[in-house]
Amino acid sequence: MSDSKFTAPVAQELLHSELSERSPVPSLREKILAIRNSLRPGQQQMADWQSGPLAISAVPGAGKSTGMAAAAAIAIARQYERSSSRRQLVVVTFTRSAAANIKAKIRKFLRDDLSLPQTGFFVYTLHGLALNIASRHSDLSGLQLQNVTLITPTQSHRFIRTSVEQWIANNPGIYLRLLEGHQFDGEETERLRRQSVLRTEVLPELANTVIHEAKSSGISPEKLREWSKQTTDEYAILSVAAGLYEQYQNLMRSRDFIDYDDMILAALRVLENDSARRIEQNQVFAVFEDEAQDSSPLQTQLLEILASDGGDEGMNTDAMNRVSTHSPLNLVRVGDPNQAINSTFTPADPIYFRQFCEECDRIQRLATMDQAGRSTRIIIEAANFALKWINNQSLAKTNNGQKIPDNRQVPFRLQTIRPVEAGDPQDNANPAPVGRGLELYTPRDIHHTVELLSQRVIELFGEDPTQNSAAILVRENRQGRWLAEALTPVCKEHKITLYDVGERDRRSHVPQEILALLQFCDRPHSPDYLKAALEALVQRQLIPTQDLNALASLPEEFLYPGPLAAPQPETVQKAARLCRNLLRARLELPLYQLISFLALTLNYDQAELATADKLAERVNQQIAGNSSMGGMLSALSEIVSSERFEPVETEDSEERYTRRGQLTIITMHKAKGLDWDYVFLPFLHENLIPGRFWVPPQSQFLGDFTLSEVARAQIRAALHEESTIPDVTQAWEQAKHLKISEEYRLLYVAMTRAKRLVWMSAAQKAPFTWSKPDNLQEQAPCPVFPALKRQFPECVINLAVMTKQA
């Protein structure tokens, strides 16, 4: 719908008149109007919200967080005027850093622009909101926080592994069918190989995928079994998945462990109670959700219940039935379906936000934020072209008569980015391009890519590096590691700061280092443990670099040299003293203080100390009732080997990644929400973007598909209420389409991170896999790349001319 059609009921003149007539405090109304008038049209539509549902579809760089913060502050101000009730605005976003960012912006609007108290609202992540509700009503949620442990299970987590082993023991017949696969001659070596593949790869991957996918949608193992009866595949994949899921749930309950989905389910159990639901709803006057394209079905349901205007309607789980002109649903959802880049490895599914937008559009409650001031015009043109070209390619395949599943959608919602209008409040909106703004290179190979990239970086940072920011966006961390190694000498020579996010922006080293020191304290005479501890101390620059193998080969002589031993050099003496101090602490300190002591010994910074405290609390809670060094080492080993331990961040990650004078190497996924003056996109090859669905050779005995992806596609088809659950072949094709669509959206996200220059390249020769970067072979470019070269010939860099000039 058009902007004018949306804003007609609340046109600026009518709004000003209405506010003036009602206002006991005209100055506040004028301040509200001043904020509104400082916003772009799309942002104004959000600021004009007063009640009911509203969907905002925003393009990259449209300023949705600023618009949401302004709209939130205005909504809070109106709530102050309307009544003396203490109802709050709940703002929900995807990550902790985004929550901190939007909270600061809302406070600034309230304090500086509206002269109001910085209260009247809460900002949560979705899981933080759920935990808050569940912990306030622990009798209803069944969540006793002092008795449970939160985990983030991965495919290799012991609960997943144990679930697999228990399922195999309980279902020998089905397991034997999986073992036989398509062809099996009974040879013992092949049997053992297949057993290993099933136990350590195929079944854990299936369990991990289905548990997240089903649980985040409120689907029980029993429901999965019911759906399985509608399928005819030879392995009964959904039935196998249901059994694994059931074993996992039993294990979690028996050990008092919960995962993040349990938080959402616990909050929903609270809201099933009429009294508790009314209590929670009566504290909230509206819910604003950011990054709505990344919500799962249960998360969406939780927000809809909170946003309902009381009564039993809040428990109607069919959101679309409530989205009407007179809806009691006070819910504003902001997102961009074209930036949905998590749905192939998380339960996030952009179809739900798309549906919400469509339903809101029918009742004229859809706003579009399509003006963006981030990028120069040529970058906007390139991103718009890529979006339309990819959609047209998808439609062309449909028209060519290829069979495409019924629920297949084009990768992108047709939404064009427009430059901002003259007089836009954003400083330097749609800045002038640097060079051509879009530069397209075809190097000989990846080494030539580094040469060209280095040359351009030196040029861009040459005059005054502190004035510019730049990033290299990679598809895989392995590419980033290789690039960091190749670029380090060049950056050192030209005094350019190189920040490799993959290596440096995580505190996962904290559990590893603590474990290394604790293992040494437990078994100081082990050469392996001594060497690992010394390596940690060298890494932290607490002892000088030296031949650690020589020290670790004879632990006793190193730690406690006898009177006849040769004098130790000063560097060795320093290392030995520090190690003996660790051993003394092991004897003198209580067990629960050891991790905190080791963190101080390692000279951790503020964020690392906070992470170590979090780790200590987690470990001590896990070994309560069995407090021993063995228990502590076991718990730590599990965390290090099997889990993603989320660090505590005390520095703004956005600032850390986008510092001026710095060249940041970061993955495309992690770059979402950030921007730089110059963005480099090397290695744009078809085997990675859009990539191909690849069945590992070791599991091909099951067929030309993977059980986990087939199960995911079948579950989503059932959730989307399709007429039939697809068979294996159809499900595999749907999974392929989902993967291809998401990879193209990822490229779109990457391109739109750039303000003044996007540098793109596809080398003629590149590795087939980046685990072996030296194994170069001819690689086809990402299909969009040649299309961009044809559409923007003036942006194609002639390397032959460059060589002659050099």
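1. Axes are lines fitted to C-alpha atoms, for helices over the stretch in contact, and angles run from 0 to 180 degrees between N-to-C directions. In this predicted model, the axis of helix H9 (residues 158-170) comes within 9 Å of that of helix H11 (residues 188-215), and the two cross at roughly 110°. Angles of 65 to 115 degrees count as roughly perpendicular, and H9 and H11 are therefore roughly perpendicular to each other.

2. The contact between these helices involves Ile160, Val164, Glu165, Trp167 and Ile168 on the H9 side. On the H11 side the residues are Arg199, Leu203, Pro204, Ala207, Asn208 and Ile211. By class, the residues of this contact comprise 8 nonpolar, 1 polar and 2 charged.

3. Elsewhere, 6 strands form an open sheet with parallel pairing, in the order E9-E14-E13-E10-E12-E11. Strand E9 (438-441) and strand E11 (497-500) are its edges, each pairing on one side only. From one strand to the next, the twist averages 15°.

4. Within the sheet, strand E10 (residues 470-474) and strand E13 (residues 676-681) run parallel and are joined by 3 bridges. Ala470 has Tyr678 in E13 as its bridge partner.

5. Helix H20 (residues 446-462) packs on the sheet, where it touches E9, E10, strand E12 (662-667), E13 and strand E14 (754-761). The direction of H20 makes about 160° with that of E14.

6. As to confidence, the protein chain has an average pLDDT of 86, with 89% of the residues scoring at least 70. The pLDDT is below 50 over residues 311-322, a stretch with 27 contacts in the model beyond near neighbours in sequence. Residues 400-408 also stay under 50 in pLDDT, and the model has 11 contacts for them beyond four places in sequence. Where pLDDT is low, the predicted coordinates should not be read in detail.

How values were computed. Residues numbered from 1 in each chain as written. Predicted model: local features only at pLDDT ≥ 70, side-chain atom pairs only at ≥ 80, totals over all residues. Heavy atoms only, no water. Helix = DSSP H or I, 4+ residues; strand = E, 2+ residues; numbered from the N terminus. Parallel < 35°, antiparallel > 145°, perpendicular 65-115°, else oblique. Contact = heavy atoms within 4.5 Å. Nonpolar A, V, L, I, M, F, W, Y, C, P; charged D, E, K, R; others polar. pLDDT = per-residue confidence, 0-100. Pairing = 2+ DSSP bridges.
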